Amino acid sequence: MLTVERAVLHILFAFCVAVASLALAAPSHAASAAVDVFGRPVQSASSPAQSASPTHAPSASETRHTVVLPEFARTALATSIIWQGRLNARIADAAQQLHRASTPWTWLTLIGLAFLYGVLHALGPGHGKLVAGTWLGSRDTRIAQAVALASWSATVQAMSAIVLVFGAVWFAKAGVSSVLSNAASLDIVSYVLLCVAGGWTIYGTLARRDCCVDTRALKLVPAERQAAASPTSEHEPAYLGTKLQLHMRQSGGATRFGTSKFSATSQILATGFASGVRPCVGSIFVLIASVAAHAPWIGIAATFAIGAGVAVTVSLFGLSAVGANRFIMARSFRLRARIETTRRVVAITGALVIVLFGAVQAALILSGYVQPALT
Amino acid sequence: MLNLSVIRRLIGVALFVVSGIAAAHPHVWIRFSARVQMQGTSVISIAQTWRFSEGFPVQLVGIDTLPDNGPLDARQTAIFREQAFSSLAGAHYFNHLFVDGEAQHLAEPAGFRVSVDHGKLVYTFTLALKKPVDVSTHKVSLGIWDDSFFVDYEPDGANAVTIDGHAASSCAAKPFQDRAHPIFNGIVVPQATAISC
């Protein structure tokens, strides 16, 4: 088992090196050097004619998708999209009003609108929710951990937008027009960091720092084996002459609790950072609008309000994953004591898939096969 | 071996893989209207108007202030064209003209104008067909959407696409949900318009 674990670590290390090498060697071949306000790669003056020429095939996606979501799901998402649009316009109005007359009511309006926008914005499918849902749903986690992961990820996302926009305003020659390009570049960074976060999870699992050690599991231990370790009682229950003891399996859980807690916290920090480092474009747009109105603090406040809204939605999503996990675990109670090894292998496989996913996505973007996504 | 806990983890992994596919939101909202220029029963060109939401932040290099209302001057229009329009050529300006199910190419946009209407940016331009298409002998549909769904296009009113020019009196434009071309991984079914005579 130890040999296998080392081999896995070697493979993991090789992937990280490959991705890092790709990141260093292939930026000139990246799919998008600059992104415009439509999230599209900026093309040179000669490009439009070239791309519109008869030899250029229409977008493959025009005919690729055939699956359509059920009507009720599409209606719900469409409604959220419509309200996002309305809120987006109202946020701009509120920011303008606040710039003209700073009253508690206008501040409250802006913060409330931005918060609602964040809640709705996070309803659609996206990177952060599913990363959080996957991490929380694939292990035994607490409610506090779900809230912490969602909040941390949203905070990183808000800070990332603020740093990008104000960094561009203060330091970049191209000004804020380069912000979306930089945000798109962070897409690659996010995938590489997901590799690292996945690798950290694998390490934690291999080192038995967490995962698969269920301190609540009950184990029946033959009396004679238990007698060697501790004195037995004559009053313990017996069946067909064999004494069995109900034994709370420690599995080193008590001694490793501190380590496990640290490992889980570090995984939350790593996963949340990796998924949140790519900023929300809605926050970027609000910040740009506030900078243009010479009221940057308004944009910062709105960005954190959007982040709070996103955190609420992602927390709810994560809590449903935690609930689903607990529901299923409650029904696999009898099997829990004997599947530690299987669960560990599957956990490592899952984390390895995360690493592979991040590596493949980063490689595809760097090689030009996939455009960086702005969300 | 495949107990519920194992299945739980596999589902988690599957969800994660799917997350990479479904990662986008609309960030730009545009209400569009189009006038299909016809000659008899043939489509010649498509004149379009895009009305952006107020939240659309155009912080372009060289644009300091915009008028409250009215058209932009030639210099500002050129800046908009260069920095916030030309890059859409690769996406065919989000126009999807299908003739018998085949996507058609349109010529370069003409008459590009930018104006501000009650605080909202408005683009107007015309896309000509490379070759007129007779709708009496072909099944023709027109839709305007962004495959990536970064931009959300909504028709500006119930009859956003209308027939214009010297069209035959029998020609009509009828909106429908284009289920053959769902976008955003099947979440969104765009609206298209069937043009027939």
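## Two chains in a predicted model

Read from the N terminus, the secondary-structure elements of chain B follow the order α-β-β-β-α-β-β-β-β-β-β-β-β-β, where helices (H or I, at least four residues) and strands (E, at least two) are DSSP runs numbered from the N terminus. This is a predicted model, in which local features need pLDDT of at least 70 and side-chain atom pairs count only at pLDDT 80 or more, while totals for chains, interfaces and linings use all residues. Residues are numbered from 1 along each chain as its sequence is written, and chains are lettered from A and ligands numbered from 1 in the order in which they are written.

The model scores ipTM 0.71 and pTM 0.66. For chain B the mean pLDDT (the predictor's confidence in each residue, from 0 to 100) is 85, and 82% of the residues of chain B reach 70 or more. Over residues 15–24 of chain B, however, the pLDDT is below 50, although this stretch has 29 contacts in the model beyond near neighbours in sequence; two residues are in contact if their C-beta atoms, placed from the backbone, lie within 7 Å. Where pLDDT is low, the predicted coordinates should not be read in detail.

The table sets out the make-up of the two chains. In it, a residue is buried if 20 or more other C-beta atoms lie within 10 Å of its own, exposed if 12 or fewer, and partly exposed in between, with C-beta atoms placed from the backbone.

| Chain | Elements | Buried residues |
|---|---|---|
| Chain A | 13 helices and three strands | 42% of 375 residues |
| Chain B | two helices and 12 strands | 42% of 197 residues |

In chain A, 82% of the contacts between residues at least 6 apart in sequence join residues at least 24 apart, and in chain B residues 24 or more positions apart account for 67% of the contacts with a separation of 6 or more.

**The strands of chain B**

Five strands of chain B form an open sheet in the order E5-E4-E8-E12-E11, with antiparallel pairing. Strand E5 (102–103) and E11 of chain B stand at the edges with a single partner strand each, so one side of each is left without a neighbour in the sheet. Two strands count as paired if DSSP finds at least two bridges between them. Within this sheet, strand E4 (residues 95–99) of chain B is joined to E8(B) by five bridges in the antiparallel sense, and B:Phe98 stands opposite B:Ser141 in E8(B). Strand E8 (residues 140–144) of chain B pairs in turn with strand E12 (residues 191–196) of chain B, antiparallel and over four bridges, while six bridges join strand E11 (residues 172–177) of chain B to E12(B), again antiparallel. B:Ile195 in E12(B) is the bridge partner of B:Val140, and B:Ile195 is also the bridge partner of B:Ala173.

A parallel pairing is found where strand E1 (residues 28–40) of chain B meets E9(B) over five bridges, and there B:Val28 has B:Val151 in E9(B) as its bridge partner. Four of the five residues of strand E9 (residues 151–155) of chain B are buried, so E9(B) is largely enclosed by the rest of the structure.

B:His118 lies in the loop between strand E6 (110–117) and strand E7 (120–134) of chain B. B:His118 counts as exposed because it has 9 C-beta neighbours inside 10 Å. The C-alpha atoms of B:His118 and B:Pro67 are separated by 9.7 Å, although the two residues are 51 residues apart along the chain.

**Helices and nonpolar cores**

Helix H8 (residues 179–206) of chain A has 28 residues and reaches 40 Å from its first C-alpha to its last, close to the 40 Å expected at 1.5 Å a residue; the expected span is 1.5 Å times one less than the number of residues. H8(A) is mostly covered, with 23 of its 28 residues buried.

Helix H11 (residues 281–292) of chain A has 12 residues and reaches 16 Å between its first and last C-alpha, close to the 16 Å expected at 1.5 Å a residue. Since 11 of the 12 residues of H11(A) are buried, H11(A) is largely enclosed by the rest of the structure; among the buried residues are A:Val281, A:Ile284 and A:Phe285. H11(A) is followed by A:His294, whose phi is positive, near 55 degrees.

A nonpolar core is a set of buried Ala, Val, Leu, Ile, Met, Phe, Trp, Tyr and Cys residues joined through C-beta atoms within 7 Å. In the largest nonpolar core, of 104 residues, A:Ile91, A:Leu110, A:Ala114, A:Val165 and A:Ile284 touch the most other members. Apart from it lies another core, of 20 residues, including A:Ala197, A:Phe273, A:Ala274 and A:Ile348.
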